[in-house]
Amino acid sequence: MNKTTHDFIIIGGGTAGLSAAVYACRANKSTLVLEREAFGGQIVDAPLVENYPAIGAISGAQFASDLFDQAERAGAVFKCEAVVGIKKDGDVFAVTTDRSQYTARAVIVAAGCEHRRLGIAGEDDLIGAGVSYCALCDGAFFKDKTVAVVGGGNAAITDALYLSGIAKLVYIIHRRDKYRAEPALIDRCKNLNSVRFVENAVVKELHGDGELTGVTVDVKGKAQEIELDALFVAIGQQPDNGAFGVELDESGYIIADECCRTSVKGIYAGGDCRRKSVRQLTTAAADGAIAVSTAIEEIF
């Protein structure tokens, strides 16, 4: 067990967690950030960010890198460890990871979400062999190939736009004929000859033995086969909040009020892991700032 008690332990190294780290350190609070995978969060995968105030355009990777550097300069300490449990231990919280245990006076959960999967046969077997959840990571492997993106939100349409500059042909497979994505993004896709829309369609089967060769989609009750070299899944996210000991809603998101308080005094939540109506960089950064401010007012 690590004997040092921190003022803050922040679980998650995405936009909400790193923003919280900046605010906590600027308030002269000792801050430990725990991240189970890679610092930066899912925004790292975005080829272009154009909707963050005062920043005209920046890659997601650069945005995340700049924010990480800012938190590090402010004094935050970082460890790549997965949190497996939180318990109240007197006046502090004991946060147990897969490697150690740490204590803090306040905890901010900013654990983000995971990519939602299609949930069909063969999906797990074809991950890395034609099935991907990160166009930015894997798109370059399919230069001049035929690919498809599943989804109708900003992430899916942004992936399609990115892939249109690499692949020969990009299908957008969406279960409806209306999209959650920004109209400007949809219009960009419709103006590209290399992008085709397959609407009112659901992916039912994946084809390929060891490597994806195509899919079968159900289009209004009719089966349609599409030959593909890659399928990029962008159908949303799902939380993984079971280890934190706070109240969750029916979908597994942390229930937190507008001040980011959870059901446990001293544990706060921010970013995509908590129940909210808008999940954007701006709201994640705001949650990080609010969580720290609330904790300082109530605990320190």
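The second largest pocket of this predicted model has a volume of about 360 Å³. A pocket is an open set of points on a 1 Å grid over the protein atoms alone, where a 1.4 Å probe fits, with protein on both sides within 12 Å along at least five of seven lines. Its volume is the space filled by probe spheres set on the points, which are joined across faces, edges and corners. The second largest pocket is lined by 16 residues, each with an atom within 4 Å of a point. Closest to its centre are Leu118, Val150, Gly151, Arg175 and Ile235. Strand β12 (residues 201-207) gives the largest share of the lining, 3 residues. Strands (E, at least two residues) and helices (H or I, at least four) are DSSP runs, numbered from the N terminus.

Residues are numbered from 1 along each chain as its sequence is written. Local features need pLDDT of at least 70, side-chain atom pairs count only at pLDDT 80 or more, totals for chains, interfaces and linings use all residues, and side-chain values use heavy atoms, with hydrogens and water left out.

An open sheet is formed by 5 strands in the order β8-β15-β9-β10-β11, with parallel pairing. Two strands pair if DSSP finds at least two bridges between them. β8 (131-132) and β11 (195-198) each have a single partner strand, so one side of each lacks a neighbour in the sheet. Strand β10 (residues 169-173) is joined to β11 by 4 bridges. Tyr171 stands opposite Arg196 in β11. Helix α5 (residues 154-164) packs on the sheet and touches β9 (146-150), β10, β11 and β15 (230-233); contact means heavy atoms within 4.5 Å. The direction of α5 makes about 165° with that of β9. Axes are lines fitted to C-alpha atoms, for helices over the stretch in contact, and angles run from 0 to 180 degrees between N-to-C directions.

In helix α6 (residues 183-190), Leu185, Ile186 and Cys189 are buried. They cover an arc of only 100° around the axis, which puts them on the same side of α6. The arc is that of the directions from the helix axis to the C-beta atoms. Their cover includes α5, β10 and β11. Pro183 and Lys190 are exposed on the other side of α6. Buried means under 20% relative accessible area, exposed over 50%, partly exposed in between (1.4 Å probe, protein chains only).

Strands β13 (residues 214-219) and β14 (residues 222-227) run antiparallel, joined by 6 bridges. Val215 stands opposite Ile226 in β14. The two strands form a hairpin with 2 residues between them. In the turn, Lys220 has a positive phi of about 50°. Lys220 is exposed, with a relative accessible area of 69%.
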